[in-house]
Amino acid sequence: MSKPVLRGTTWYLKRRVPKRYASVEPRSVIWDSLKTDSYSVAVQKSAGVWLSYIEGWEARLAGRDGDAAEKFRAAQQLAALRGFQFLSIDKISQAPLDEVLQRVEATTQTGDGGPDEVVASALLGVAEAPQLRLSGLVEHVETLAAHDNRFKNSEQMRLWRSPRLRAVNNLIKALGEDLSVASVGTAQARKHKKWWQARIAREGQSATTANKDFNYISGMLTRFYEDLEHDDPPRPYAGVAIQDRHAKPSQKREVPVDWIVDKWFAPDALSGLNDEARDILLISIETGCRQNEIYNLPASALRLADPIPHLRIAHELSDDPAERREVKNLPSQREIPLVGVALAAAKRHPAGFEKYRNKSNYSAAVNKYLRSNGLLPDGVTIGGTRHSWEGRMKCAGYEMDDRGELMGHSLKARRGREVYGDEMGLSERLLIAQDVMLPVPAHLA
């Protein structure tokens, strides 16, 4: 680092401009007042002042030579370095005259006093957002979300990707063209909403499906603008939703306990299912786990040799995509004791369920078998076993908080406040599971 130079009573930064920046900085040497008569203060300030020059030159290089995204980020950085917020040209045209004049004056950077083209592009809003098309949005966002999705296996990635692709395709159909992402504004969002309203009226689609589309598009736009480090990103889908006051709230119904005991536990009732499908169902009865929490279990998550045999539901990270697993959310990470038919079923499959792991065909196959054999009540699916398990805890008098912990629900959301204290231990969970356990038929033991 060059030492500050004293001129009169004021210390100055004096440094040669590196050759790398010769194309964006006409001066060969920088002289800049450090605005102090103290040498020690000047030394401290000089590093920061020089860094600001480097940042500015790098931004100008990116603004001149970079790709569209780099140029847009550079424009925002250059505006910030000069004390301005980056605004699009449309917003600048509506700004107060004094601010516009300040921006124009700040574009003068070159030795002859003329405007610097890259700086002017940044301060006057001429820099354009990258022209990524809607058809490429999902692939782009998938790259940006790689860290967030690092626990997802290949099937979970497919399930992440599919609804977003569907939402984008619906938006393109609604607009009638594959617009650039940056061109999607409030007018396009309203057109998307009208397209969905017409489709609901014509085809009987649900408002919930439409709102999911809006949420997926909104979320991807947020990612897109965050990547560009946009200070004031557009939010075209803010407030865009379709309300249906006539729609009935959906809720999965419980599989009645008597039905489980009398129908499912009857000899040969489940004999038409393969062993894995049958035992996944039995584990769900006594754990309240979501079906994919069971059939996606790696062998390491079945803790059968522990003093209290249990399932460990948690994110699983691996270099092998087939071994990864992402659970629904943070509260869903939990330990579930194995009792009754669930313990017997798990012991039959200590390595997990290879036939269904990382696939999505379990629920449809088992629902079809049970329904075709008269083993499901009308309007009920096998997902109702989860609700039945909580229902049994409720009937046994357990508080909502205790039930929520075993079910993997957010206590913070249930209480509407922060949660303090230790979570329930595995031995306590075991006592509850044993208390609501169903009798084990000999043929399922």
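**Exercise 1. Find which residue of β5 is the bridge partner of Arg 303.**

Step 1. The bridge partner of Arg 303 in β5 is His 310.

Step 2. Now look at the strands around this pair: β4 and strand β5 (residues 310-313) run antiparallel and are joined by two bridges. Strands count as DSSP runs of E with at least two residues, helices as runs of H or I with at least four, both numbered from the N terminus. Two strands pair if DSSP finds at least two bridges between them.

Step 3. Zoom out to the sheet, which is open, has three strands in the order β4-β5-β6, and pairs them antiparallel. Because β4 (302-303) and β6 (334-337) each have a single partner strand, they stand at the edges, and one side of each is left without a neighbour in the sheet.

A word on what you are looking at: this is a predicted model, in which local features need pLDDT of at least 70 and side-chain atom pairs count only at pLDDT 80 or more, while totals for chains, interfaces and linings use all residues. Residues are numbered from 1 along each chain as its sequence is written, and side-chain values use heavy atoms, with hydrogens and water left out.

**Exercise 2. Describe the salt bridge of Glu 142 and Arg 161.**

Step 1. Recall the general idea: side chains of opposite charge can pair when their charged atoms come close. A salt bridge is a side-chain nitrogen of Lys or Arg within 4 Å of a carboxyl oxygen of Asp or Glu. By this rule the count comes to 17 salt bridges.

Step 2. In the pair of Glu 142 and Arg 161, the N to O distance is 2.9 Å. This pair links distant parts of the chain, 19 residues apart: Glu 142 lies in helix α6 (residues 137-144) and Arg 161 in helix α7.

Step 3. Buried means under 20% relative accessible area, exposed over 50%, and partly exposed in between (1.4 Å probe, protein chains only). Glu 142, at 24%, is partly exposed, and Arg 161, at 28%, is partly exposed too.

**Exercise 3. Decide for Glu 354 and for Arg 357: buried or exposed?**

Step 1. Glu 354 and Arg 357 form a salt bridge, with their closest N and O atoms 2.9 Å apart.

Step 2. Glu 354 has 55% relative accessibility and therefore counts as exposed. Arg 357 has 12%, so Arg 357 counts as buried.

Step 3. Elsewhere, salt bridges that share partners join Asp 275, Arg 278, Asp 279 and Arg 348 into one network. One of the pairs is Arg 278 with Asp 275, whose closest N and O atoms are 3.5 Å apart. Both sit in helix α11 (residues 275-287), and because they are three residues apart, about one helical turn separates them.

**Exercise 4. Find out how α11 and α13 cross.**

Step 1. The axes of α11 and helix α13 (residues 340-347) come within 7 Å and cross at roughly 145 degrees.

Step 2. The crossing is left-handed, meaning that the near helix is turned anticlockwise from the far one by less than a right angle (clockwise would be right-handed).

Step 3. Residues in the contact (heavy atoms within 4.5 Å) include Leu 282 and Ile 283 of α11 and Val 341 and Ala 342 of α13.

Technical notes:
Axes are lines fitted to C-alpha atoms, for helices over the stretch in contact, and angles run from 0 to 180 degrees between N-to-C directions.
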